[in-house]
Structures are given as C-alpha cells and as structure tokens.
Amino acid sequence: MQTQTAHGTNNGETEIQVALTARGYPIVIGEDLIAAAGQRLKASLADARFAVVSDANVAALHLAQLKAGLEEEGLFLGSAVVAPGESSKSFPVLAKLCETLLELGVERGDCVIALGGGVVGDLAGFAASILRRGVRVVQMPTTLLAQVDSAIGGKTGIDTKQGKNLIGTFHQPSLVLSDIAVLSTLSDREFRAGYAEVAKYGLLGDAPFFAWLEENWRDIFAGDTAKRRHAVETSARAKAAIVMEDERETSGKRALLNLGHTFGHALEAFAGYSDRLLHGEAISIGMRQAFSYSVERGLCSADDAARAEAHFKAVGLPTEIAAIPGDKPTPGEMLRLMAQDKKVKGGNMVLVLARGIGEAFVENEVSMPELTDFLKRECAPQ
C-alpha cells in the first residue's frame, strides 16, 4: 500500500497529501479554515476565480464569511445555493446549477468551491467535472460525513430512481479544506449519521481505531476538539491511503470503503433519499447486515458482529430495517435495488463482508439463494 504524508503546519493545521501524480492534492484539517480561505486559495490556485456552491442551510451559516474572504482577494465570482437534502442530487438540479455557473462567468481556469456536506460535494464536483469539459473544484466539507469520506477521493454523482450515485464522474479536487470548528453547528442526528462513516474505517481495516472509538465516542459527541480532530484525521488518512492505491476502484481495494453500502444504498433508495433515512443511518443498518451475513456464512465470529452492533446502538444509530419510519422493503425490493449497485459485475452480486473487526474483504461470489434467505429474515415484520 502506498503511504500518504501527513504533517503539522506552523498554525496547528494537519496536512495529508493524496499522492496521485498530476492529480494529487492536500487535505488540510484545522480550525477556522473558512475565514482564512481567501488568502489560502489565492496562494495555492493563483490563476483562478471562485464560484461557491452551497445549500440553503450551510449558506446561512458560512457563506458570508467565505464570500468576504474571497472578495477581499478579488476572487469571488458569485454563488449558487441549492435546497438541502439528497433530492438535490438530480438531473434537474444539476442542469440548473451548470447554467448558473456559466452565467456567473466561470471559465476553464476558474474553480468551483463545494461548501457543504456530501450532497453539495457530489453535486458541485459533478458540475465542475462537466462544465466547459472540466474545471477545478475545491472541497470545503462542513459535515462530519463529508470531512471523513465523501470530500476525499474524487467521486462525484447524482442519484436516479434506479439507485444512488449511478450517474457521475471521477474528478479529484485541487484541495480539501476540513474546518473542524464547523462541526459544532451540526444537529445531533446529522453528526451521529456522519459518525457511522468514522466507525466504518475501524471496522474495515483498523481494529485499534475501532477500540479507541468505543472508549472515546462520548467525548467526540460532546465536542472534545482534540478527539474530534483525531477521529477526522485518522479517517482521512485511511481514505487517502485507499484512494492512492485504487483511485478509480479497479483493483478492488477501494471497494472496501463500501462496507455496508450495498445494503445501505438500497435502503436509501427505498426511502426515497429523504429524511426518513439519512445516509449514515442507512450505512449503520447496512454494516450490521454485512456483519450478520458474514456470521451466517461462517466468516466472522458472532462476538465481533455483536460488538459492532452494540457500538452502533450505543451511539444511537439504527441497526434494523424495522427502525425505518413508515413502510418497509420486501426482500424482492431489496434485491432489485441492490442489483443496481456499482460493484455488480456480469449481473453477479458483489458484497463487502468481514472476517472480523478490522478485516473487511470483497466477496465476488455471493450465493443468491443464501442472500435471498438472509433478506427474508431481515425484512420480516418484528
């Protein structure tokens, strides 16, 4: 595995370098990065002007500060604000956003800033990748989920009725600025949902980190800055290392990041990409299902699966389909939606399973009868 460099800077920031030859970029983690973004961007992307994409909730909190810094440096082209929520990852919103960016005067040498969570990052990144056949993008993630996962690695996309992120591109950012201070503005539910992706890194390949989370999650949730920062930095390093080894998900290594996601994305699609089920909540259920299915296959100990489930429950994340408000999916609906997963090859289902905590692997030969029986039990009324 390649290793990425990570070092502290003079102002207490941490920089993690994602080494992808010409497409490499730094992830900068620290506090109050939004306020100082104008000067940093002028120094690092000297020839660019910037158009900011955000959602209404994030814009109300952070856009004015970012705009002021960009205007002070003479770099601000304007902003585009979309509605909050997964529903903005759609063709109509993408089309309108591209038109708006063109109207703002974005040229090939300019840059789009994605200021927001995973939805904004995916949408703005996709728009940047196709605008004028590709302009640069800077990711400024404002949610825990985006800081530890979606803002890193260059995946962009929108959703369709067939499934999540099925239309998109690989478009690496020029820079990721993760401002830890903004995490204090998140709702408890949104922070908790983002934490599911933090726990994922321990479960897929870092058992000591998962053990640390078991001991320290209460402090992370309570706002302990040092522990929040450690959680973000550890997760970002893990994501960067996997992206460097398998940038475009061709070797299978990057697929490990989808632990629980085949199940979880199907649940998100069933729930209509709505507030009924946030992404991290769906992934929590999906990771529990991946561990449970691994136990049934004789791959993982029941103790490890129970430990993972107990942690999700302790932090208040859902672990059962029964926890989804409203109607529930049938086994047939789950299979239909899971079949749209991007890892499906030749019509064969591919799952990320586990041999234990910190030992995820890609299973390319999933038995459909066994999976169907498992889903029948998962979807049974409780």
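UniProt positions are given here in the numbering used for this structure, with shortened feature names, and such annotations may be inferred rather than shown by experiment. The model is predicted, so local features need pLDDT of at least 70 and side-chain atom pairs count only at pLDDT 80 or more, while totals for chains, interfaces and linings use all residues. Residues are numbered from 1 along each chain as its sequence is written, and side-chain values use heavy atoms, with hydrogens and water left out.

Begin by selecting E197, H261 and H279, which UniProt lists in an unreviewed entry under "binding site". These residues span 83 residues in sequence, yet no two of their C-alpha atoms are more than 10.4 Å apart, so they gather at one spot.

Next, select helix α7 (residues 207–222) together with helix α11 (residues 302–315), whose axes come within 11 Å and cross at roughly 5°. That makes α7 roughly parallel to α11, a term for angles under 35 degrees; the axes are lines fitted to C-alpha atoms over the stretch in contact, and angles run from 0 to 180 degrees between N-to-C directions. Among the α7 residues that meet α11 are F210, W217 and F221, and the α11 side includes R307 and H311, where contact means heavy atoms within 4.5 Å.

Methods
Helix = DSSP H or I, 4+ residues; strand = E, 2+ residues; numbered from the N terminus. Parallel < 35°, antiparallel > 145°, perpendicular 65-115°, else oblique.
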